[in-house]
Structures are given as structure tokens and as C-alpha cells.
Amino acid sequence: GTLAILGRDPLRPGISVEMNQSFCSAAAEGDRLEIHGSVLRLGKTLAFTEVTIRTGAAAKLVATGRHTKMFTAARARDPRL
């Protein structure tokens, strides 16, 4: 999730305030994994992200998670901080 945020704004890594993961199935040793992170919403003080991990060949869902990040008040006013 953090990398998805940094892809949009490299000066705002934020502080984790909530995180959850669901492990849906197993990947076999040697499986190629595809990891996709996206920003669901990026605001002045909060950001919400989602990550999915799938096996490359079958596109089977292995895990999914969401991550909420908070940006400090100083950073919200001046992104150079």
C-alpha cells in the first residue's frame, strides 16, 4: 500500500493507522506471484490502499489486504516536510 501512495506522491509515506490481510489460498513453491497495489483514495490527511497477490499462471487469489495511512498535520500543510 505504501508503494502505491509513494507512486503518486513520493514525499508522503504516512503513518500506518490500520491494516488487515486475508490469506485466501496457498501458492506452491516456484509459483510466479503477481502483486498489485492500488490507492483507493488519497486525501489531505488519510489514504486508503488495497493490495492483491495472485499466482501468475492461474490468476488464483492468494491474499488480499487493505492499509490506511495518516499524514501528519504539518505534512498536510507543507508536503516538503
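**Close-up views of a predicted model**

**View 1. Pairing of strands β1 and β4.** Strand β4 (residues 61–70) is joined to β1 by eight bridges, and the two strands run antiparallel. One of the residue pairs can be picked out by name: E18 has T68 in β4 as its bridge partner. The coordinates shown come from a predicted model.

**View 2. The four-stranded sheet.** The sheet is open and consists of four strands in the order β1-β4-β3-β2, with antiparallel pairing. The edge positions are taken by β1 and β2 (33–42); each has a single partner strand, so one side of each lacks a neighbour in the sheet. Averaged over the sheet and with direction ignored, neighbouring strands are turned by 15 degrees against each other. Strands of a sheet pair through backbone hydrogen bonds, in either a parallel or an antiparallel arrangement.

**View 3. Salt bridge between E50 and R66.** The closest N and O atoms of E50 and R66 lie 3.2 Å apart, and the two residues form a salt bridge. This pair links distant parts of the chain, with E50 in strand β3 and R66 in strand β4, 16 residues apart. E50 has a relative accessible area of 22% and is therefore partly exposed. R66 is also classed as partly exposed, because its relative accessible area is 43%. A search of the whole structure gives two salt bridges.

**View 4. Salt bridge between R12 and D9.** R12 and D9 form a salt bridge in which the closest N and O atoms are 4.0 Å apart. The cut-off for this contact is a side-chain nitrogen within 4 Å of a carboxyl oxygen. R12 has a relative accessible area of 11%, so this residue counts as buried; the class requires a value under 20%.

View 5. I15 is found in strand β1 and counts as partly exposed because its relative accessibility is 40%.

Definitions and conventions: Residues are numbered from 1 along each chain as its sequence is written. This is a predicted model: local features need pLDDT of at least 70, side-chain atom pairs count only at pLDDT 80 or more; totals for chains, interfaces and linings use all residues. Side-chain values use heavy atoms; hydrogens and water are left out. Buried means under 20% relative accessible area, exposed over 50%, partly exposed in between (1.4 Å probe, protein chains only). Two strands pair if DSSP finds at least two bridges between them. Axes are lines fitted to C-alpha atoms, for helices over the stretch in contact, and angles run from 0 to 180 degrees between N-to-C directions.
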